[in-house]
Amino acid sequence: MSEDEAAELAGVFKALADPVRLRLLNMIASAEDGEACVCDLTGPFELSGPTISHHLKVLRNAGLIEGERRGTWVYYRVVGEQVTRLSGLFALPVLVGS
């Protein structure tokens with residue numbers, strides 16, 4: 001892994017290091033249609049709408065989610081390639097004969 005890639009990934013992990021953002025990412029990833037309306041993401045938290053929007057912006061800037069405006073609401077979905085990339089960092093090699 002190059003130094004630049006490590007620095008980029010550290011930023012992604014920093015975005016995930018907040019419990020609210022981690023929960024938001026999980027809620028979006030596990031949404032029935034693979035996407036979640038921001039209107040469904042605010043209820044489970046005792047936070048204001050602007051605070052939730054801030055956390056979603058951090059996740060977007062880290063490349064973990066993307067959003068699409070439909071009318072007055074924004075629908076979010078996980079960027080699968082980025083999550084797969086992160087999970088690949090923790091994949092241990094399978095040893096033959098183990």
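Helices are DSSP runs of H or I with at least four residues, numbered from the N terminus. In the predicted model described here, Gln82 is found in helix 5. The relative accessibility of Gln82 is 11%, and because buried means under 20% relative accessible area, Gln82 counts as buried. A polar atom of the Gln82 side chain lies 3.1 Å from the backbone oxygen of Ala62. When neighbours within four places in sequence are left aside, the residues in contact with Gln82 are Val12, Ala62, Gly63 and Leu64.

Helix 5 spans 80-88, and Leu89 is found in the segment after it. Leu89 has a relative accessible area of 37%, and is therefore partly exposed. Together with Met1, Phe13 and Phe90, Leu89 makes a nonpolar surface patch of about 430 Å².

The structure holds one disulfide. This disulfide is formed by Cys37 and Cys39, with the sulfur atoms 2.5 Å apart. The link of Cys37 and Cys39 is right-handed, with 130 degrees about the S-S bond. Cys37 has a relative accessible area of 2% and is buried, whereas Cys39, with a relative accessible area of 33%, is partly exposed.

How values were computed: Residues numbered from 1 in each chain as written. Predicted model: local features only at pLDDT ≥ 70, side-chain atom pairs only at ≥ 80, totals over all residues. Heavy atoms only, no water. Patch = residues over 30% accessible without salt bridge, like charges linked within 9 Å, V, L, I, M, F, W, Y side chains within 5 Å. Areas by Shrake-Rupley, 256 points an atom, 1.4 Å probe, with all protein chains shown as cover. Salt bridge = Lys/Arg side-chain N within 4 Å of Asp/Glu carboxyl O. Helix = DSSP H or I, 4+ residues; strand = E, 2+ residues; numbered from the N terminus. Buried < 20%, exposed > 50% of the residue type's maximum accessible area, 1.4 Å probe, protein only. Polar contact = N/O pair within 3.5 Å; in protein donor to acceptor, adjacent residues only side chain to side chain. Contact = heavy atoms within 4.5 Å. Disulfide = S-S within 2.5 Å.
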